There are 2 protein chains.
Amino acid sequence: MVDYKFDVGIIGAGPAGLAAAFKAKSLGKTVVVIEKYLWGGTCPNYGCDPKKIMLTAVEGIKRAEKLANYGLHGQLQINWAALQANKKEYTDAVQPRKLHGLDKAGIQHFHGVASFVTPNQVNVGPISIEATDWVIAVGQKPKTLDFPGAEFTLNYEQFLNLPELKGEVAFIGAGYVGMEFATITSTAGTKTHVITHGDSALRSFDSDMVLQVVNEMQKKDVDFHFNSEVIKIEKLAGKYQITLSDDSVIVVDQVFNTAGRVGNHTELNLNAIGVENDLYEIKVDQYLRTNIPNIYAIGDVAKAQVAKLVPTGNFQGRYVAELIQNKISDPIKYPAIASVAFTSPRLAQVGILAKDANSAQTIKEKDFSKWITYYRNHEQAIIKTVLNNDGTVTGGSVYALEAEEIINYLVEAINNKRTKLSFSQILYSYPSYGSDVSDFI
Amino acid sequence: MVDYKFDVGIIGAGPAGLAAAFKAKSLGKTVVVIEKYLWGGTCPNYGCDPKKIMLTAVEGIKRAEKLANYGLHGQLQINWAALQANKKEYTDAVQPRKLHGLDKAGIQHFHGVASFVTPNQVNVGPISIEATDWVIAVGQKPKTLDFPGAEFTLNYEQFLNLPELKGEVAFIGAGYVGMEFATITSTAGTKTHVITHGDSALRSFDSDMVLQVVNEMQKKDVDFHFNSEVIKIEKLAGKYQITLSDDSVIVVDQVFNTAGRVGNHTELNLNAIGVENDLYEIKVDQYLRTNIPNIYAIGDVAKAQVAKLVPTGNFQGRYVAELIQNKISDPIKYPAIASVAFTSPRLAQVGILAKDANSAQTIKEKDFSKWITYYRNHEQAIIKTVLNNDGTVTGGSVYALEAEEIINYLVEAINNKRTKLSFSQILYSYPSYGSDVSDFI
């Protein structure tokens, strides 16, 4: 006898899991959600949302600096403690809101570690729960580093909760997280190092644009250590001495591990019931189904050939709920997905990169810096597109202060196979990113 | 014998006229453009573009103020002279760029006042020019006020070129221009008055949202004088004393006429050749044709039942060029058009207002202020939509820092008859205005 029975059980209450839960419930299923840590998951609690609060404040400094010789005078500084309090006010509201949403929708929820007993039964501590279908949406967590002194590194959650930003900091890893955090610390006035084994940063973005971001960060006194491995970290007189593979040494006050993530599924007892998985992900087919037919994996923990992003997780969550309800039967088919690195300026990408264009495709690039939408901020802006023979867009890269908004016009263009003519039929507001992109396409 | 002959003659080199010129040229016509004042017209020289430069600088102050208790400390001020120099650097480049564009495209151009001799012939000073078709795109200009002392008022061009922003200023008129300029002066720290005969401002926008903008401006020490007519202005000891219809008196350093505009077509000798027009506009049919079959009017000077905006003018310009070339034969049909008041926060509108919704339509409203995209700026944001029975959007109003970008998603939604389901198939970047609107619709 199990304690509870549901149609659909969801493990992990991040964006993907919650999207699946609400969709399944709206389709008439009985639904349970199990979360072992924070309701809402990484993004709203210690990921994309609080990061944007930190970034927006430091961007205030950068925006003002850009206009310092152009009519806007004065000085701004970051008060880290006040910024933390501001962020905390936002994040403190997340869990109550998420739980309220679940209660309002009539979705049952349990807090604790889920452990599979059979493909249908999961235990949460002493409680046993049976569900016809299970959806695993537990996300990923920081990858443990394996050099001596790795224990001195702080992870991204610790960075976002940092009570004090000390004199000099280092980030190990130059992906989204490292680059975004290094933008925050350097713009806040803290000497910053970025250490990466790669020869560049942000490898899924346009390399010319990445170079420009790196240059902008170097102007803010960021030291990049490319092609570098960390050999060891030693604690010396309250500071951390990092030895790199070229024998050079950096001494900093805080070191952050932003080197990558592994799956958060190790406690689920998946091996015992035979669900195929590795350190990083759970294996799924084109229906997001694991090798056990009633168990699905979605979001960052799913080994799907798609960028691990909030919109992806949402989309997968809704898909899997409809699949379970037999509302659809086709494999998942992703529309164009935009990814953004919230550096300063930011980088955004959708579809194929210019370097991957084939000979039948055309690359179009324009520096918009003199256009009013960018000139007014004295910020450079570059848009690059890959166009098919018929004039439709198949890839886009953006380097700009608000690249996340500009890329959305290209997302829409790809989805709706827009050509110049088709764009000219949409009268976006003037001046706006929309009117600029319409003009450019 | 005339001096020059062309297929298409265009009078006025603003956005509408230039759109018509480039389109006609691209369709194989020989084209001439005549401009009596600044190449590029109002918008880039003394309208929407330079205004945004001024506004962006003062918004830097407002953005910082909003975060003053939330981690971003310090003080910013406007240096009006530096801001003017910044603006001038932008506007100085406009005319050379426009002329270069015309030359590069092989479009002939003349500077001077155009005067019709016959429906086909126009003289510019001593030069006579014949064209098979003429397109009038001369725009509008400030309306002269008719109370004693009206000569003391400065117009919008003079405001944007103002060498010095003095102690206390007044704007007569609370439309776009008055409200936008009052936002600039008040945020720059200048005591500001807005005088209007209406009982509110910005009457083409959602009245609840207008009220919020008015409240925000009042917090910035703007005095609104509603239901007020100016009786007279007197110059007293270097200041201007304005007497209002309720006998109250305001004493200011500068007074600006932002009360409305009239047509800029009075010098064209239209009455002599029988083109119907009034003080404000030139009468056109659904083909943008005047009562003289080979003469068209487009842009702000055309009496078309559509908002007078840059995107409208561009759209009309392209339409009329295609019509003349016989590429199309249908009456002009406008897509949804977004209008924006660049106040702080801004207001944007597309389609019908909530107050004009019928009983079969639903009004949906949401305060997004706690969502990360707005919370990070500590700026309020409200989106209101009017939905048809089938869930498609038919009207949208936005109150937000960057309302001009948010409204664009609603423009697209109206044009493409999007429903919630259709929106969920577009994976806009997260977090962005796009992902918020997708969630809301």
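In chain A, the centres of domain 1 and domain 3 are 31 Å apart, taken over C-alpha atoms. The model is predicted: local features need pLDDT of at least 70, side-chain atom pairs count only at pLDDT 80 or more, and totals for chains, interfaces and linings use all residues. Residues are numbered from 1 along each chain as its sequence is written, and chains are lettered from A and ligands numbered from 1 in the order in which they are written.

The division of chain A is domain 1 (4–142 + 262–324), domain 2 (150–259) and domain 3 (345–440). These bounds come from an automatic or database domain assignment.

Next, the two chains. Chain B superposes on chain A by a rotation of 180° with 0.0 Å of shift along the axis, at an RMSD of 0.0 Å. That is the relation of a two-fold axis. The superposition is by least squares on the C-alpha atoms of residues with pLDDT of at least 70 in both copies. Within chain B, the residue that comes closest to the rotation axis is B:Gln75, with its C-alpha at 3.0 Å. Of the interface residues of chain B, 100% are also interface residues in chain A, so the copies meet through the same surface.

Now the sheet. In chain A, five strands form an open sheet in the order E20-E21-E24-E23-E22, with antiparallel pairing. Its edge strands are E20 (339–341) and E22 (362–367), and each pairs on one side only. The twist averages 10° from one strand to the next. On terms: strands are DSSP runs of E with at least two residues, helices are runs of H or I with at least four, and both are numbered from the N terminus. Two strands pair if DSSP finds at least two bridges between them. Axes are lines fitted to C-alpha atoms, for helices over the stretch in contact, and angles run from 0 to 180 degrees between N-to-C directions.

E20(A) is joined to strand E21 (residues 346–351) of chain A by three bridges, and the two run antiparallel. There, A:Ser339 stands opposite A:Gln349.

In chain B, six bridges join E22(B) to strand E23 (residues 382–387), again antiparallel. B:Asp367 has B:Ile382 as its bridge partner in E23(B).

Last, one residue: A:Phe159, in helix H6 (residues 156–160) of chain A. Is A:Phe159 buried or exposed? A:Phe159 counts as buried because 25 C-beta neighbours lie inside 10 Å. The cut-offs are 20 or more other C-beta atoms within 10 Å for buried, 12 or fewer for exposed, and partly exposed in between, with C-beta atoms placed from the backbone.

Conventions
Two residues are in contact if their C-beta atoms, placed from the backbone, lie within 7 Å.
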